[in-house]
Amino acid sequence: MAIATKTTTEQPGQTWYSSKLRDARWQKKAAEIKALAGWKCEECSGMQDLTVHHCYYIRGRDPWEYDNGLLICLCWECHRERQMFEDALMLGIALHLRQRATCDIKNTPAWAFFGEKPELLPLE
Ligand SMILES: [Zn+2]
């Protein structure tokens, strides 16, 4: 099965998202999450290169418009590993649902679908 990979070149959507992450409201929210985590990675306890990870995305919501419980403080390396795992998981879920034809997700990014329709996740 093909697995989504990150590219180093920003795509149009990523440029939009990057500008959101530079927004003062996100910077404040991210600092709050890092402080709540004690300025340590919640995976490895590292204190270098801290980032904030969205456990999932909800379409139309800005990065800072999430409950603190949906955000986790991770170092850059743990963030990268977790994102790769989650991207592969989301792709697998999307492909599975597409095969089952339980809904039309052909034009919907897996992450958005997962964020909006968690109740449709297959239980098997
Ligand atoms: Zn870490």
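Residues are numbered from 1 along each chain as its sequence is written. What you have open is a predicted model, in which local features need pLDDT of at least 70 and side-chain atom pairs count only at pLDDT 80 or more, while totals for chains, interfaces and linings use all residues.

Begin with the whole chain, coloured by pLDDT, the predictor's confidence in each residue, from 0 to 100. The mean over the protein chain is 77, and 66% of its residues reach 70 or more. Now select residues 1-8, where pLDDT stays under 50, and then residues 116-124, where pLDDT also stays under 50. Where pLDDT is low, the predicted coordinates should not be read in detail.

Switch to a cartoon view, with helices (H or I, at least four residues) and strands (E, at least two) taken as DSSP runs numbered from the N terminus. The protein chain has 4 helices and 2 strands, and from the N terminus on these elements run α-α-β-β-α-α.

Select strand 1 (residues 50-54) together with strand 2, which run antiparallel and are joined by 5 bridges; two strands pair if DSSP finds at least two bridges between them. Within this pairing, Leu-50 has Cys-75 of strand 2 as its bridge partner.

A residue is buried if 20 or more other C-beta atoms lie within 10 Å of its own, exposed if 12 or fewer, and partly exposed in between, with C-beta atoms placed from the backbone. Show the side chains: Leu-71, Cys-73 and Cys-75 point one way, whereas Ile-72 and Leu-74 point the other way.

Centre on Cys-75 and, leaving aside its neighbours within four places in sequence, look for its contacts, among them Cys-41, Cys-44 and Gly-46; two residues are in contact if their C-beta atoms, placed from the backbone, lie within 7 Å.

Finish at Glu-86, in helix 3 (residues 76-100). Glu-86 is partly exposed because 18 other C-beta atoms lie within 10 Å. From Glu-86, draw a C-alpha to C-alpha distance to Tyr-56, which is 30 residues apart in sequence and 9.1 Å apart in space.
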